[in-house]
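Open the model in your viewer and keep the selection panel at hand.

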Amino acid sequence: MALIMPAADKAVMGERAALVAELGRLLPADAVISAASALGPYECDALTAYVQRPLAVVLPRTTAEVSAVLALCHRRKVKVVPRGAGTSLSGGALPLEDGIVLSLARFNRILDIDLANRCLTAQPGVTNLALTKAVEADGFFYAPDPSSQIACTIGGNVAENSGGVHCLKYGLTTHNLLGLEMVLIDGTVIRLGGGKALDGPGYDLLGVITGSEGLLGVVTEVTVRLTPKPQGIGALLAGFDTVEAAGAAVGAIIGAGIVPGGIEMMDSLAINAAEDFCHPGYPREAAALLIVELDGPAGEVEAQMDEVAALLNAAGARSLRRTRDDAERLGFWAGRKSAFPAVGRISPDYLCMDGTIPRARLSEILTKIAELSAHYGLRCANVFHAGDGNLHPLILYDANIPGELDKAEAFGADILRACVAVGGVLTGEHGVGIEKRDLMGEMFDETDLAVQQRLKCAFDPAGLLNPGKVFPVLHRCAELGRLHVSGGKLRFPELPRF
Amino acid sequence: MERFQPTSAERLAGVIERAHAAGTRLHLVGGGTKAGFGHPVVADAVLDLSAFSGIERYEPAEQVITLGPATPLATVQAALAEEGQRLAFDPPDIGPVFGEAPGLGTVGGAIAANLSGPGRPRAGAARDHLLGVEAVTGRGEIFKAGGRVVKNVTGYDLPKLMAGSFGTLAAMTRLTLRVAGRAPATVTAALLDLDPAAAGRLMQRISGSALEPLAIAYLPAEVAVRTRHPLAAAAVLVRFDGPSVALDERLADLQTLVGDIAPVEAIDGPDSDETWVAIRDIAGLLPDGARALWRLSVPPAAGCSLAADLATSIPGLRWFADWAGGRLWLAVPPLADAGAAIIRPRVQALGGHATLVRAPAAIKAQVPAFEPPPAGLAALEARIRAAFDPAGILNPGILGSGISGPN
Ligand SMILES: Cc1cc2nc3c(=O)[nH]c(=O)nc-3n(C[C@H](O)[C@H](O)[C@@H](O)COP(=O)(O)OP(=O)(O)OC[C@H]3O[C@@H](n4cnc5c(N)ncnc54)[C@H](O)[C@@H]3O)c2cc1C
Ligand SMILES: Cc1cc2nc3c(=O)[nH]c(=O)nc-3n(C[C@H](O)[C@H](O)[C@H](O)COP(=O)(O)OP(=O)(O)OC[C@H]3O[C@@H](n4cnc5c(N)ncnc54)[C@H](O)[C@@H]3O)c2cc1C
């Protein structure tokens, strides 16, 4: 692996047996896994190119147990990697050789459903889809809907600030949270946010924890907002001869002040892979396909369906279909939702990238991706959350061909650099993890990263929570405290010295 | 008192770097409208950030704008309106609450105080609209965080931390905000003559329906008659937007939902807009002489009954509810502690929190403006503050005991 993880702490590794024994005293017998044969399932997350066996895995059931485990690890200087369902695509849940994995799998209960206040409180190991299932009979849903929603956990969603196809209208995880309970590395239990109220007191630490990739604390309870199910829902499916035309259509829809539930785009390779896989009836000859979903009050949806159809036609749609019923709408989505397995069928392996760009730069980036694809000799299928400029290029490769993974990773890194170059960012929703860690310098300078790491130090001064992720260079907190960017030389000598 | 007015981020960094070295405490000033919010800053010098003003880059097609924090809100709103866009979090013009002229508030002030208006439940708070920030830490380092796109999880979400930090972590020099399109039409439905209990229940039914209201508020009679579009009686107000052809249907659907509890009366056009400006700016509680002003954040279903309960304990209390009951504004007649001993425990019992927005200095000296956090959280907040501003020189004292920094 090209990626260098922090050097393992030999002293900690040498005391593994004592650590396991102490964990065994804190937790029920079935909550500590240490046999090598049983650690296998925890060796990696969905970034399967990287595997690492941890010292042990713990499966606590209560906040008190999490607190006791963290306090112990804090005392023994043992690293901790929190883990939900392990569907991270950026290696966020990759174990460390000298650390334990703290699985939230047994935090699997919904604790409170409060429809009057439109919120639900769950333990972090509950799956994303289970939240919606729990309230859909009452006419509500939990809005962020990552494609991995049957498996991924709400705790993982908080840690990654996950999105989904409907976040254009309904927001990301961060916009749909009310409160959290979490445990700091020294075992302190805190509550953040407003509980069932909007906007909590103090600094917005709820906002800071969301998307912090398990580096600041372990989330043990989550209160989410519930959204009423829309009255009407409809979708349009449009094929375009060029990616430029499809991109312009997206701009026209948003420019008209319409906020669709979602706008997704697929390119030719993705369209054909989906068509081969599940026959959703996509136009195979199109260079780009748009799915525009509108939801809301019935009359508004009707009016906007007409308006969007007109905009799509004006933008040069070669083919245009409009749903008449829900079965047809789900059919439109079938191909998009199975884009990953569909691509998985045409290639032994793929890497899923996740940059975001300003919408207007879409065709420029696609041209660049095509050039890079030729340069590296690897195919790339593109699916995007087009409404918010979030790209998911899928780079196809074969891990059995020596050197091909390295090539795919280099290709991916070049795509992300191109995203940053046009004013975008390295990751829209999958997180930095280990995957984009060494690219952080493309977006942030040394000071930017020092400021972020000092925030980490305020939560975790010994750097025990998920180290080796997100930040390319690990600094000791004491060192960061002394670090001074202007190197001790005061700028602007003419300014007063107080 | 000495006053610094740096004209570039580099010069600002120079000023703060020296202040950090010398322990000189600075009072950060943008537009100067929220002079009375929080506690008095204990400072040795004023750091005037008014030079960081002006729209740097506005891309309507991308729905983002980059600007200096000292840009007046009015300037931004006018520029956005020209492109048919707006700030969806409805930042209030809070100056008049502090006895200032209207129209002076800055974007930086709204962000630093995380101020949002009636659009907040649906569109998010100020913090949700700050995509990127450039700022100078209390050590005098220029840093940036976030970006210019909505979907971004690259690094910690420091823009959220900056929002609502009242200038205690860093001095902001550049902000990138997300802006929203303006729907072609909007209308307000008024449901008159409802008591607080009935209004509270009704607002939850409407919020939980598929009608997608843009905003929901309740004005008791006394406040309703004082709004710019005077209402004859206590009113639940529901704001809708969308294509104009669809709005009549929304009103009809609302009537179906409400049944015979109250007839739906439509308020159109400028009257509708002005009604919400008045709610946003808390105009119905002004002018209010010597009253203290509280802002409560509570579970929405509990809001109206809490207010009615407080009104029986505090004679002469004036109040209204925004955010379908989740945001209460209270104007309390003169009391030694501005009513804190009655208000705070009841709000806490509901899991909410209460902020004393305005009160005479003598009261603020005794009553913390911000809810003091529990010990574990307080220690964490103090460590965070020290990570950005180790010498405690940025706006010391402004948060009172709310966020206990080194000062
Ligand atoms: C010309 C003038 C002179 C003044 N002189 C003094 C004086 O000598 N002493 C005095 O105590 N007050 C003075 N004030 C009042 C002072 O403006 C208020 O006390 C201050 O709290 C309001 O700050 P603000 O203008 O940023 O208000 P708002 O813009 O309403 O800001 C609200 C909050 O945000 C913070 N904030 C604003 N901009 C930023 C930023 N860019 N980065 C980080 N935080 C920010 C503020 O510190 C404040 O906490 C003066 C005001 C004016 C207009
Ligand atoms: C097929 C597929 C499709 C996907 N589609 C999407 C998509 O549409 N949108 C999207 O945003 N993502 C998507 N993802 C990525 C992934 O599902 C999300 O990042 C998800 O939120 C991870 O949740 P998890 O429970 O699997 O967390 P894990 O993978 O177990 O962990 C992810 C990170 O969160 C931390 N963590 C987990 N639980 C906690 C906790 N309780 N407290 C503190 N830290 C914690 C871990 O340490 C790690 O850093 C997809 C993944 C796959 C495999």
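Start by selecting β3 (79-83), α6 (154-160), β10 (218-225), α12 (326-337) and α13 (339-346) of chain A: each supplies at least two residues of the lining of the second largest pocket. Helices (H or I, at least four residues) and strands (E, at least two) are DSSP runs, numbered from the N terminus. A pocket here is an open set of points on a 1 Å grid over the protein atoms alone, where a 1.4 Å probe fits, with protein on both sides within 12 Å along at least five of seven lines; lining residues have an atom within 4 Å of a point.

This is a predicted model: local features need pLDDT of at least 70, side-chain atom pairs count only at pLDDT 80 or more, and totals for chains, interfaces and linings use all residues. Residues are numbered from 1 along each chain as its sequence is written, chains are lettered from A and ligands numbered from 1 in the order written, and side-chain values use heavy atoms, without hydrogens and water.

Keep α6(A) highlighted; with 5 residues, α6(A) gives the most to the pocket lining.

Now select ligand 2, which takes up the space of the second largest pocket (more than half of its atoms lie within 2 Å of the grid points). The elements giving two or more residues to the shell around ligand 2 are β3, α6 and β10 of chain A.

Next, show the polar contacts (pairs of N or O atoms within 3.5 Å). At A:G84, a backbone N or O atom lies 2.7 Å from an oxygen atom of ligand 2. At A:T153, a polar side-chain atom is 2.7 Å from a ligand 2 oxygen atom. Finish at A:E429, where a polar side-chain atom lies 3.2 Å from a nitrogen atom of ligand 2.

Conventions
Polar contact = N/O pair within 3.5 Å; in protein donor to acceptor, adjacent residues only side chain to side chain.
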